[in-house]
Amino acid sequence: MSEFYQEKRDLFLNLIKGSRFKFTPSKGTYFQGLNYSEITTENDVAFAKRLTIEKGIASIPVSVFNSKNQDDKVLRFCFAKTEDTLQKAAEILCRI
């Protein structure tokens with residue numbers, strides 16, 4: 001991962017470290033997986049949809065990428081954003 005995106009990833013993770021989401025820093029991508037299993041039992045598609053509608057933050061449910069739609073309670077968030085956008089996203093995620 002380029003230094004540019006690694007800095008954005010590190011900023012995003014630092015901003016959400018106080019949230020209830022669990023994560024392992026991603027490598028080689030500008031998406032970060034966040035495990036929400038301690039927040040809700042909703043499936044990832046439903047939770048992603050609710051976050052978009054109710055909180056105004058978009059994510060990608062990981063289950064849509066596997067053949068059996070296995071739901072591991074993980075959503076992908078893109079951190080290839082401006083610092084201002086990452087700050088706003090982190091504020092939303094930390095309130096969940």
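Author: Here is a quick tour, from the whole chain down to single residues.

Author: This is a predicted model, so local features need pLDDT of at least 70 and side-chain atom pairs count only at pLDDT 80 or more, while totals for chains, interfaces and linings use all residues. Residues are numbered from 1 along each chain as its sequence is written, and side-chain values use heavy atoms, with hydrogens and water left out.

Reader: Fine. How many helices and strands does the chain have?

Author: There are three helices and three strands. Helices (H or I, at least four residues) and strands (E, at least two) are DSSP runs, numbered from the N terminus. Along the sequence the pattern reads α-β-α-β-β-α.

Reader: And what does the radius of gyration say?

Author: For 96 residues, a compact globule would come out near 12 Å, and the chain has 13 Å, which agrees. That radius is taken over C-alpha atoms, and the globule rule is 2.2 Å times the number of residues to the power 0.38. The C-alpha trace spans about 35 × 30 × 20 Å along its principal axes.

Reader: What share of the chain is buried?

Author: Buried residues make up 35% of the 96. Buried means under 20% relative accessible area, exposed over 50%, and partly exposed in between (1.4 Å probe, protein chains only).

Reader: OK, helices. Which residues of H3 are buried?

Author: Those are Leu86, Ala89, Ala90, Ile92 and Leu93. Seen down the axis of H3, they fall within an arc of 160°, so they line one face of the helix. The arc is that of the directions from the helix axis to the C-beta atoms.

Reader: What covers them?

Author: The cover includes helix H1 (3-16), E1, H2 and E3. Here contact means heavy atoms within 4.5 Å.

Reader: How far apart are the end C-alpha atoms of H3?

Author: They are 16 Å apart, which agrees with the 16 Å that its twelve residues should span at 1.5 Å a residue. The expected span is 1.5 Å times one less than the number of residues.

Reader: Now H2. Which residues are buried there?

Author: In H2, the buried ones are Asp44, Phe47, Ala48 and Leu51. They cover an arc of only 100° around the axis, which puts them on the same side of H2. Strand E2 (60-61) and E3 are included in what covers them. On the face turned away from the buried side, H2 carries the exposed residues Lys49, Ile53 and Glu54.

Reader: Which residue takes a positive phi just after H2?

Author: That is glycine 56, with a phi of about 75°. At the start of H2, a side-chain oxygen of asparagine 43 reaches to within 3.1 Å of the backbone nitrogen of valine 45.

Reader: Switching to charges: how many salt bridges are in the whole structure?

Author: A search finds six. A salt bridge here is a side-chain nitrogen of Lys or Arg within 4 Å of a carboxyl oxygen of Asp or Glu. One of them joins arginine 50 to glutamate 54, with the closest N and O atoms 3.4 Å apart.

Reader: How are those two placed in H2?

Author: Arginine 50 and glutamate 54 are four residues apart in H2 (residues 44-55), so about one helical turn separates them. Arginine 50 is partly exposed at 29% relative accessible area, whereas glutamate 54 is exposed at 54%. Glu42, Arg50 and Glu54 are linked in a network of salt bridges.

Reader: What about lysine 73, buried or exposed?

Author: Lysine 73 is buried, at 19%. Lysine 73 forms a salt bridge with aspartate 71, the closest N and O atoms being 3.0 Å apart, and aspartate 71 counts as partly exposed at 24%.

Reader: Last one: what does asparagine 35 touch?

Author: Leaving aside neighbours within four places in sequence, asparagine 35 is in contact with Arg20, Phe21, Lys22, Asp72, Lys73 and Val74. Asparagine 35 lies in strand E1 (residues 31-35) and is buried, at 18%. As for Val74, valine 74 lies in strand E3 (residues 74-78).

Notes
Polar contact = N/O pair within 3.5 Å; in protein donor to acceptor, adjacent residues only side chain to side chain.
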